[in-house]
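Here is a friendly note to read alongside the model. Please keep the structure open as you go through the points.

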Amino acid sequence: MATIEEIVLPDIGDFANVEVIEILVVAGDSVQAEQSVLTLESDKATIEIPAPRAGVVQEVLVKIGDKVSQGARLITLAVGDEAQATALEQVAVVVETPAVTAELPLVTATAKTEVISVILPDIGDFSDVPVVEILIAPGDSIAANQSLLTLETDKATMEVPAPQAGIVEDIAVKIGDTLNPGDLLLMLRPLEQIAPASTLPPPLPENFSSKDTNQNNAISLPRAPGEAERRQAPVLPRPADMTAIATGRKPHASPTVRRFARELGVDLARVKGSGAKGRATKADVQGFVKKALTQGNAGGGVTSQPFALPAAPEVDYSRFGAIEVVDLPRIKKLSGRHLHRCWLTVPHVTQFDQADITELEAFRKSQPHEVKLTLLAFLLKAVAVALQRMPILKASLSSDGEQLIFKQFTHIGVAVDTPNGLLVPVVRDVDRKNLTVLARELTELSAKARDGKLAPAELQGGCFSISSLGGIGGTAFTPIVNAPEVAILGVSRAAMQPVWNGTEFVPRLMLPLSLSYDHRVVDGADGARFTTLLAQLLGDIRRLLL
């Protein structure tokens, strides 16, 4: 009895919404296991989807142009005895009653010992055709009509098939060779194989006679041993099989464009095609090369990345124990990409120093608590004064890397730790505000950041940043420059230390400072001058009035 099974799209790797570009079967077609039923194409690969088992196509559930993903229903397939009988009607052996008196021989594959030469057949009006791809290697076992190598002209790409099954002994060509009809391709040790075992008729019984034939005088073919067991569950291609199918597929492009890309040393898999169905054009290849050369220039833009980092390997952590997978918060996704870009594109240098804040801390604690004066408010004011005296630390580099942009304002970003990730609200015109106003604004911005109520404008326009971890701990760290800014100040926890005053060691409260800066804009001497100036301003707050 025939059963109806659905063929669904298996796991084909990192592909989703892949377009159906070709349907290779129609309702009523008989298909064999692993026979291709349709073709999918993405920007990176062309993938043929095979039938998981033999049967008869009942209905095609997709059409050309549809976008499909893993699990999508593709076709329905009838499998079983009745479906097999239908599929095999065309190959049933018709027996003429008076003629059949003996057994039909069962032919099996037998290996020959001699090695034959496989030459390039007549390929039409082509000569001196270059070899662009060799698809087999010595020792490979190949089937009849399996592709051996690929030839390519200005007008066509041709795959040369094997004339028969066998084992490759030696390959006589290499990539780049030009071939003509009659040229030797490889040496093959063939296998004499008359017909696949699944399609051979069985030997007739010894007592066979015309009375044993049915009304159609046809012998129905038996199903293979163990088929009943295999019918219990559909066999789908494994992800590894689909990956193997996709690997090595050529990008969508004409032979002329492929040759042009090879001459320039361009991997077409990295070129985004702008033609129909993502086909790469000559202009796409030229644009890719131009972009690569521009990014490779030493004077490239701030975001130029003239290198490609290898992808991190996928690790199945569940092999080692229980795991839980949760989505990364949106803020961390956004800030993570930005910080990653900053770390890769900005040449960082970090200058470490310490500031004596013994008197500053005593003054801060002595003030009324109507508005709590935090150390961060004093840091903001001191940094604003230092930036006014050294404006190079609040400049920015133009996108082409050729000009400096000096800002006439002093807006300073302050990193705030929130439950969803790091945010950097900007305190504006710090140089024009007193300590009380700064303390009040810091409190308000921090509360809004933790509650997720910051407006986009409150996160933009900074020319310098401060990241303070003093409330948590640590002695020093290397903050990442928040490009397009050129510097960021890291502040760690202050600690009492013995300091030599010329005659004796005295206890002083020392604040660790870590200044990271973009070395394309800020020289090491300027970095050291800035931290020294900042330490002086914090060491004697009266200097803030000068």
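1. Phe464 has a relative accessible area of 0% and is buried (buried means under 20% relative accessible area, exposed over 50%, partly exposed in between, with a 1.4 Å probe and protein chains only). You will find Phe464 in strand E27; helices (H or I, at least four residues) and strands (E, at least two) are DSSP runs, numbered from the N terminus. Leaving aside residues up to four places away in sequence, Phe464 touches Val383, Leu387, Leu393, His411, Ile412, Gly413, Glu485, Ala487, Ile488, Leu489, Leu515 and Phe530, where contact means heavy atoms within 4.5 Å. Its C-alpha atom is 9.2 Å from that of Val426, a residue 38 places away along the chain.

2. A word on what you are looking at. This is a predicted model, in which local features need pLDDT of at least 70 and side-chain atom pairs count only at pLDDT 80 or more, while totals for chains, interfaces and linings use all residues. Residues are numbered from 1 along each chain as its sequence is written, and side-chain values use heavy atoms, with hydrogens and water left out.

3. Now the chain overall. It holds ten helices and 30 strands, and 36% of its 546 residues count as buried. Take the contacts between residues at least 6 apart in sequence: 63% of them join residues at least 24 apart.

4. Which residues touch the most other members of the largest nonpolar core? They are Leu380, Leu393, Ile412, Phe464, Leu489, Phe530 and Leu538, in a core of 51 residues. A nonpolar core is a set of buried Ala, Val, Leu, Ile, Met, Phe, Trp, Tyr and Cys residues joined through side-chain atoms within 4.5 Å. At least two residues of this core come from each of helix H8 (375-389), strand E23 (412-414), H9, E27, strand E28 (487-491), strand E30 (505-518) and helix H10 (524-539). Helix H8 gives the most, with eleven residues. Another core, of 21 residues, lies apart from this one, and Val37, Ile47, Ala72 and Leu77 are among its members.

5. Not counting residues up to four places away in sequence, Leu538 touches Ala355, Asp356, Ile357, Leu360, Phe378, Leu379, Ala382 and Leu511.

6. Glu485 sits in the loop between E27 and E28. This residue is buried yet has no salt bridge, and Lys407, the nearest side chain of opposite charge, is 6.6 Å away. For charge, Lys and Arg count as positive and Asp and Glu as negative, while His and the chain ends are not counted. A salt bridge is a side-chain nitrogen of Lys or Arg within 4 Å of a carboxyl oxygen of Asp or Glu. The side chain of Glu485 does make a polar contact with the side chain of Ser465, at 2.8 Å (a pair of N or O atoms within 3.5 Å; within protein, one must be able to donate a hydrogen and the other to accept it, and residues adjacent in sequence count only if both atoms are side-chain atoms).

7. How many salt bridges are there? The count comes to 13. One of them pairs Arg53 with Glu5, whose closest N and O atoms are 3.8 Å apart. Arg53 lies in the loop between strand E5 (46-50) and strand E6 (55-60) and Glu5 in strand E1 (residues 3-8), so this pair ties together parts 48 residues apart in sequence. Both residues are buried.

8. Arg73 and Glu6 form a salt bridge too, with their closest N and O atoms 2.9 Å apart. It links distant parts of the chain, 67 residues apart: Arg73 is in strand E8 (residues 73-79) and Glu6 in strand E1. Arg73 is partly exposed at 46% relative accessible area, and Glu6 is partly exposed at 38%.

9. Please also check the cysteines. The whole structure has zero disulfides, a disulfide being a pair of cysteine sulfur atoms within 2.5 Å. Cys342 is buried, with a relative accessible area of 2%, and Cys463 is buried at 0%.

10. Finally, is Lys174 buried or exposed? Lys174 is exposed, with a relative accessible area of 53%, and lies in the loop between strand E16 (166-171) and strand E17 (178-179). Lys174 touches Val131 and Ile134, not counting residues up to four places away in sequence.
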